[in-house]
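Please consult the sequence and the model while reading.

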Amino acid sequence: MDVFSRDFEFFAHPTSKGLSAQDIVQHAASIEAMITKHSVGLDDNDEIPTTDRCSSRNPRPANETVLLTGSTGNLGCYILASLLSRDNVQRVYAFNRRSTNRDIMERHRTQFEEKELDMALLSSPKLVLLEGDIKLSSLGLSKKMFIKLQQELTTIIHNAWFSNFSLPLSSTYDDHIQGTRTLIDLARSSERRNEIRFLFTSSITMAQNWDESQGPYPETLVTDAATAAGSGYGESKYVAERLLARSGLEVISLRIGQICGGEPNGAWKPMEWFPLCVKACWYLGAIFVPTLNSNWTTMDTTSDIILDIVFHKDSLPFAANIVHPRPVASEFILYAVRDALIQELGHGLSSDDSLRQVSVQEWINLLEQSATRHRSEPRNITIIFRLPPFVTLDISNTMKLSEKMNALEPIDAGLVSKQV
Ligand SMILES: NC(=O)c1ccc[n+]([C@@H]2O[C@H](COP(=O)([O-])OP(=O)(O)OC[C@H]3O[C@@H](n4cnc5c(N)ncnc54)[C@H](OP(=O)(O)O)[C@@H]3O)[C@@H](O)[C@H]2O)c1
């Protein structure tokens, strides 16, 4: 059984490159329809994309009370660990969906263990673990707890999202949009409404159909829904952003690029394409020169950048884009992966000859032949290479707001080898 090709199917997805002009019009119409559906009761004045919309906000409170969603996830657990370590944070409500078979603390322990984060943080008196249903107006919490949130919250970090590139907007992401609206309503009904900051972890996938002749993707609201046409995932992030823009709250949407494994141990999300690719290189005995973006940021640095921004003393712009400001050449990643595979995995890889360097096309052919032999399709990897390259992003806002981002060193070979 070819274990890899079974995994690869997970990532199969259409791309905006495959969309005709008519498709793009239809996608844009569905996006607008979903915005309309979920904006009832929000400001009709709409969407103020300027950077100074929040200039009259109050100064940040000395003690922050944060609601974080999706803390059982990969980035979420890093954000949680960072929040719990901060002196200016007095309480973190970590809100997650219920699991039928796993205790909520256990789910956090597993993530912290896997990432080698400080387990002691999970015993912090600052931490309150909540389980509920984000779609429900009360978040599925007791009335008492919901009122407590309305009284105490100063910051919301909305990070929970389902990342699947192959599923359509309306059938997959309606619940996520509804959940975002629930959080907007919570913030709007809160006693500290004027103090609340709402940070949304968006994705550069929402810029998948951006016309680069207009320059880099800006750090403002882009009101043309066609720019987001493509995968339902990117479209859903765009819809959420448009709702946030109508919320009247101090919001910031972070369009984040590829997040890779971070310190201390380099762990990636297990089902991400990169670990699967590395596994496949080992399996096929062949490695390719990637045509990949290498402006990845690690989980830990992304989390630090998020915290720099959300607690920034100045008022926030509507959007900030996050990709590594000092990218490395893709060959660099290739050679670091090759060396790490040869040195650390072994399994017969005793010399360069046993891990041939081939072109991307040749590598895909090898993968497809292997899959055919095992009667399965290596769709996700192939699709990764069919993706349009990610657009260039303006990162000026993030550079202004985050010391961490400013000081980021290029990813080094040591970290790549940990990721392998
Ligand atoms: N990883 C990247 O390269 C990347 C790049 C750009 C943006 N982002 C964004 O960053 C955020 C975190 O990403 P990640 O890589 O850490 O994702 P992840 O590891 O898959 O974690 C996702 C989190 O969202 C929760 N979640 C998923 N579907 C949900 C649903 N239907 N209802 C409620 N909660 C749900 C998960 O809960 P369970 O534990 O219950 O599954 C988990 O806590 C996401 O918003 C993602 O779009 C990630």
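Seven strands form an open sheet in the order β3-β2-β1-β4-β5-β6-β10, with parallel pairing. Its edge strands are β3 (127-132) and β10 (319-322), each of which pairs on one side only. On average, neighbouring strands of this sheet are turned by 20° against each other, direction ignored; axes here are lines fitted to C-alpha atoms, for helices over the stretch in contact, with angles running from 0 to 180 degrees between N-to-C directions. Helices (H or I, at least four residues) and strands (E, at least two) are DSSP runs numbered from the N terminus, and two strands count as paired if DSSP finds at least two bridges between them.

The model is predicted: local features need pLDDT of at least 70, side-chain atom pairs count only at pLDDT 80 or more, and totals for chains, interfaces and linings use all residues. Residues are numbered from 1 along each chain as its sequence is written.

The chain as a whole has 15 helices and 11 strands. Of its 420 residues, 44% count as buried; a residue is buried if 20 or more other C-beta atoms lie within 10 Å of its own, exposed if 12 or fewer, and partly exposed in between, with C-beta atoms placed from the backbone. Among contacts in the chain with a separation of 6 or more, 85% are between residues 24 or more positions apart, a contact being two residues whose C-beta atoms, placed from the backbone, lie within 7 Å.

Within the sheet, strand β1 (residues 64-69) runs parallel to strand β4 (residues 155-158) and is joined to it by 3 bridges. Leucine 67 stands opposite isoleucine 156 in β4.

How many residues of strand β6 (residues 250-256) are buried? The count is 7 of 7, so β6 is largely enclosed by the rest of the structure. In a regular strand the side chains alternate between the two faces of the sheet. Both faces of β6 are covered, with Glu250, Ile252, Leu254 and Ile256 buried on one side and Val251, Ser253 and Arg255 buried on the other. From β5 the chain crosses through helix α7 (residues 232-245) to β6 in a right-handed β-α-β crossover, in which, with the strands pointing away from the viewer, the path from the first strand over the helix to the second runs clockwise. The parallel strands β5 and β6 are joined by 7 bridges, and threonine 201 stands opposite leucine 254 in β6. The pairing of β6 with β10 is also parallel, over 4 bridges, and here leucine 254 faces alanine 320 in β10.

Leucine 393 lies in the loop between α12 (379-386) and α13 (396-401), yet it counts as buried, with 22 C-beta neighbours inside 10 Å. Its C-alpha atom is separated by 9.1 Å from that of arginine 255, 138 residues apart along the chain. Not counting residues up to four places away in sequence, leucine 393 touches Ile204, Pro216, Tyr217, Arg255, Asn321 and Val323.

Turning to the ligand, 22 residues surround it, and the closest are Gly70, Gly73, Asn74, Leu75 and Trp161; a residue is near a molecule or strand if its C-beta atom, placed from the backbone, lies within 6 Å of it. At least two residues of this shell come from each of α3 (74-85), β2 (89-97) and β5 (197-203), and α3 gives the most, with 3 residues.
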